[in-house]
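Here are my notes on this one, as numbered points. Have the viewer open while you read.

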Amino acid sequence: MLGILSGGGNLPRLLAQAHAPNPLLMLAYHGITQPQCPQGFPHVWLHLGEVGRSIKALKAHGVQTLVLVGHFSRPSLRDLKTDLKGIQLLARLGRLWRGDNTMLLTLQAFLKDEGFCIKSPQDILPHWMAKEGPLGDVRPDEEALQVLKQGFLHLDHLSSLDCGQGIAMQQGWILGIEAAEGTDACIRRCGAMQWPTGPRALYIKGAKKGQSEALDLPTIGPNTLTNLEEAHFQGIAFEAEKTLLLHPKKLADQANKAGIFLWGEKGHP
């Protein structure tokens, strides 16, 4: 039986729908999971710090396999409502609490120690894994290809700092680096910073070095494309085989209509 640790956004529900009618249990978190996300599926509402209660609920329902999907914003320690198991996890995290990737790797090890098998979303939705090349009819020109290659190199260097997975660039210059605000907010922020002449900005997303692919791959959905269009970006580049594209056919149609490229790059240059 599958347990879905449900973060924000639509992905947890989409994954549940794809897994049905196989048995599952969704763990939903106050202040993080969208209220409508678990509707129609077996679920339990929890506070993020209720780790012991989460484990008891999973084992009571016979869950053996876990998948963590969606966006998890980091709450203040005061708002966690931590139980004893939660305190043990916090102690294990220690100073790693502020690093997204190291925090997720520690969480993965903690859950395995509790007897769970950790799966990735792409194990359940393999056809949503990004492929190399264009998704849709629009392609980046040669100048854009050179800029996005620079962007991937910048992201490689940023990986050592355990920070954002995205970067906005225009004509070889960095407009902004994705931080805690996430991809869509970074696109909106940088859209207003573009030069009015010359090639428009583009966005590059990449997985961090050593990133846990079972827990935190970059994800692109229709909201990201809408923000790219409204911010007047050329398009977005991402790593093939390391990015989830929500409903690829629908994304391709949306990108074609907007005149935006979706470009999968095979590995880091």
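1. A word on angles before the helix pairs: axes are lines fitted to C-alpha atoms, for helices over the stretch in contact, and the angle runs from 0 to 180 degrees between N-to-C directions. Keep in mind too that this is a predicted model.

2. Start with H7 (residues 183–191) and H8 (residues 222–230). Their axes come within 9 Å and cross at roughly 5°. Angles under 35 degrees count as roughly parallel, so H7 is roughly parallel to H8. On the H7 side the contact uses Thr-183, Asp-184, Ile-187 and Arg-188, and these meet Asn-223, Thr-224, Asn-227 and Leu-228 of H8. Sorted by class, that contact has two nonpolar, four polar and two charged residues.

3. Now look at H2 (residues 51–60) and H3 (residues 84–93). Here the axes come within 5 Å and the crossing angle is roughly 115°, which makes H2 roughly perpendicular to H3. Val-51, Gly-52 and Ile-55 make the contact from H2, with Lys-85, Gly-86 and Leu-89 on H3. The class count for this pair is three nonpolar, two polar and one charged. Val-51, Gly-52 and Ile-55 are also on the list of buried H2 residues, along with Ser-54, Ala-57 and Leu-58. After H2 comes Gly-62, with a positive phi near 75°.

4. Zooming out: the chain has nine helices and 13 strands. Of its 269 residues, 52% are buried. Among contacts with a separation of 6 or more, 71% are between residues 24 or more positions apart.

5. What does H1 (residues 11–19) bury? Leu-11, Pro-12, Leu-14, Leu-15, Ala-16 and His-19. Those buried residues pack against several strands, S1 (2–6), S2 (24–29), S4 (65–69), S10 (219–220) and S12 (244–245), and also against helix H5 (121–124).

6. In soluble globular proteins, nonpolar side chains tend to be buried together. The largest nonpolar core here has 22 residues, and Tyr-203, Leu-228, Phe-233, Ile-236, Phe-238, Leu-245 and Leu-262 touch the most other members. H7, H8, strand S11 (235–239) and helix H9 (248–258) each put in at least two residues. For Leu-245, setting aside neighbours within four places in sequence, the contacts are Trp-128, Ala-130, Leu-135, Ile-220, Phe-238 and Leu-251. There is also a second, separate core of 21 residues, which includes Val-63, Leu-66, Leu-68 and Phe-116.

7. Finally, the cysteines. How many disulfides does the model have? The count is zero. The cut-off for a disulfide is sulfur atoms within 2.5 Å, and the closest cysteine sulfur to that of Cys-186 is 4.0 Å away, in Cys-190, so this pair is too far apart for a bond. Cys-186 is buried, at 0% relative accessible area, whereas Cys-117 is partly exposed at 40%.

8. Cys-37 sits in the loop between S2 and strand S3 (43–46), and at 1% relative accessibility Cys-37 counts as buried. What does Cys-37 touch, not counting residues up to four places away in sequence? Pro-12, Arg-13 and Met-26.

Conventions. Residues numbered from 1 in each chain as written. Predicted model: local features only at pLDDT ≥ 70, side-chain atom pairs only at ≥ 80, totals over all residues. Heavy atoms only, no water. Helix = DSSP H or I, 4+ residues; strand = E, 2+ residues; numbered from the N terminus. Parallel < 35°, antiparallel > 145°, perpendicular 65-115°, else oblique. Contact = heavy atoms within 4.5 Å. Nonpolar A, V, L, I, M, F, W, Y, C, P; charged D, E, K, R; others polar. Buried < 20%, exposed > 50% of the residue type's maximum accessible area, 1.4 Å probe, protein only. Core = buried A, V, L, I, M, F, W, Y, C linked by side-chain atoms within 4.5 Å.
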